[in-house]
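Please keep the structure in view while reading.

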Amino acid sequence: MKKKRKPLQKFENVIMFPGAVERLLSQAHSYAENYQYDLANTTFEEALKYSEGDEMTLSVYAYSLYEAKDFEKAKEICERLLAIGPSMYFEVMELYLTISMQLRQFKQVEKIIESLVEEDAIPDDQLEKFERLRKLNAEIAENKQHLEESFSNEPPLAESDFSLEHFLSKPPNEQLMLVHELTLANIRPIAQSLKQIIEYDETHPFIKSLLLILLVEQEVVMEITIRKFGLSQIVNPAELKLPTRLPHFQNVSAIIGGKLEQEPSTLELVQYLISKHAIVTYPFEWLHYEDEDVAASYIDYVNTMFGKVQEMDDEIIEFLQTLEKLTELQHM
């Protein structure tokens, strides 16, 4: 008696042998479990040419894409997953919102959270956290729009705006607007003026940092004495790394990423804060504090924003609060 043979699967005239798709998916899951996200994504992509993909497959694929920072594709997979109504709907939606924030789609995040609240789709114990997230995204979106409108109405760059006397005669928020004008400009002709502004003791620390970053980005060769937080250092912008490439920032960011791996929305907010604060302290990073203590304090700081009361390092928390005020251009 002849054995019945399992029919070959055929997709767009490509013949797939029995079990081939399953083996690809199994391999992709294995890569993802071992943090080999690039390999996982390539294998998932190949497998999904021949299969629609179930909830588990799409969930792991979306997360793997997120870890590999392929945010556009990760968002697309999340949308496919949400369309099939996954059993872990809220968790998928949380990842979707996190990815949207990475893509700087702050207004969209605000609107989605508003809809989730109206539909009672957010668990009661998560409601306060998501309300804070909604407000944060609304604030960022508003500030982004305001800056874009301001830039479109500004006259061409005038070198006289960056003389020490003229620049410091303006309040910090107007100084910030002037600094933003320099983002796409050749700043070498006014480098000495910017050096004077940075070296002046009364210049706001956040403004000092932003001007220094512009000089670093354009690799301007000069010596600048920068003073802030009771510290002083002579730097050459051409030899400095940008804030997010400094060793302590990368170490703190890695520690936080490990601790908050299962809490993507909290991780997103913490990363947003450390990126802002790293600019304020630049080039000194987090002064004399240890990386582990800084990372733990950022997590505690954000948890308090979500209403979680716990023991904290009061000294570091107070320092982080100071940095937050300085990013808002308040004087301390």
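What is the volume of the largest cavity? The largest cavity has a volume of about 40 Å³. The model in which it is found is a predicted one. Rolling a probe the size of a water molecule over the atoms shows where empty space is left. With a threshold of 30 Å³ or more, the count is one cavity. Its lining consists of Pro-243, Leu-246, Phe-249, Ala-278, Thr-281, Tyr-282, Glu-285 and Trp-286. Sorted by class, these lining residues are six nonpolar, one polar and one charged.

Tyr-282 is joined to Pro-283 by a cis peptide bond, with omega at about 10°. Pro-283 itself is placed in the loop between H13 and H14. Trp-286, in turn, takes part in a ring pair with Tyr-298: the centres are 6.1 Å apart and the planes stand at 75°, and because an angle over 60 degrees counts as edge-to-face, the pair belongs to that class. Trp-286 lies in the loop between helix H13 (264-281) and helix H14 (291-305), whereas Tyr-298 lies in helix H14, so the pair ties together parts twelve residues apart in sequence. Both Trp-286 and Tyr-298 are buried.

Helix H14 also holds Ser-297. Is Ser-297 buried or exposed? Ser-297 has a relative accessible area of 3%, so it is buried. When neighbours within four places in sequence are left aside, the contacts of Ser-297 are Asp-313, Ile-316, Ile-317 and Leu-320.

The discussion now turns to the other aromatic rings. A pair of aromatic rings is described by the distance of the centres and the angle of the planes. The count for the chain comes to ten aromatic pairs. One of them is formed by Phe-90 and Phe-130, a tilted pair with 5.2 Å from centre to centre and 55° between the planes. This pair links distant parts of the chain, since Phe-90 belongs to helix H5 (residues 89-102) and Phe-130 to helix H7 (residues 124-153), 40 residues apart. Phe-90 has a relative accessibility of 13% and therefore counts as buried; Phe-130 is likewise buried, with a relative accessible area of 1%. Elsewhere, ring pairs join Tyr-63, Tyr-66 and Phe-71 into a cluster.

Which residues lie nearest the centre of the second largest pocket? They are Ser-59, Tyr-63, Met-88, Leu-95 and Gln-262, out of 25 residues that line this pocket. The second largest pocket holds about 650 Å³ of space. At least two lining residues come from each of H1, helix H3 (55-67), helix H4 (71-83), H5 and H13. H3 gives the most to this lining, with nine residues. By class, the lining of the second largest pocket divides into 15 nonpolar, four polar and six charged residues.

Most residues other than glycine have a negative phi, and most peptide bonds are trans. Tyr-35, which is not a glycine, has a positive phi of about 65°. Tyr-35 lies in the loop between helix H1 (20-33) and helix H2 (37-47), and with a relative accessible area of 57% it is exposed. Asp-120 likewise has a positive phi, near 55°. Asp-120 is found in the loop between helix H6 (106-118) and H7. Its relative accessibility is 69%, so Asp-120 counts as exposed.

The chain as a whole supplies the setting for these details. Its secondary structure comprises 15 helices and four strands. Of the 332 residues in the chain, 46% are buried. Helix H9 (residues 172-181) is mostly covered, with seven of its ten residues buried. The buried residues of H9 are Pro-172, Gln-175, Leu-176, Met-177, Leu-178, Val-179 and Glu-181. Among contacts in the chain with a separation of 6 or more, 61% are between residues 24 or more positions apart. The accessible surface of the chain comes to about 18,600 Å², and 49% of it belongs to carbon and sulfur atoms.

Key:
Residues are numbered from 1 along each chain as its sequence is written. This is a predicted model: local features need pLDDT of at least 70, side-chain atom pairs count only at pLDDT 80 or more; totals for chains, interfaces and linings use all residues. Side-chain values use heavy atoms; hydrogens and water are left out. On a 1 Å grid over the protein atoms alone, a cavity is a set of points where a 1.4 Å probe fits but cannot get out, and a pocket is an open set with protein on both sides within 12 Å along at least five of seven lines; lining residues have an atom within 4 Å of a point. Grid points are joined across faces, edges and corners, and a volume is the space filled by probe spheres set on the points. Ala, Val, Leu, Ile, Met, Phe, Trp, Tyr, Cys and Pro count as nonpolar, Asp, Glu, Lys and Arg as charged, and the others, Gly among them, as polar. Rings of Phe, Tyr and Trp (its six-membered ring) pair if their centres lie within 6.5 Å; planes under 30 degrees apart count as stacked, over 60 as edge-to-face and the rest as tilted. Buried means under 20% relative accessible area, exposed over 50%, partly exposed in between (1.4 Å probe, protein chains only). Contact means heavy atoms within 4.5 Å. Accessible areas come from the Shrake-Rupley method with a 1.4 Å probe; for residues, only the protein chains shown count as cover.
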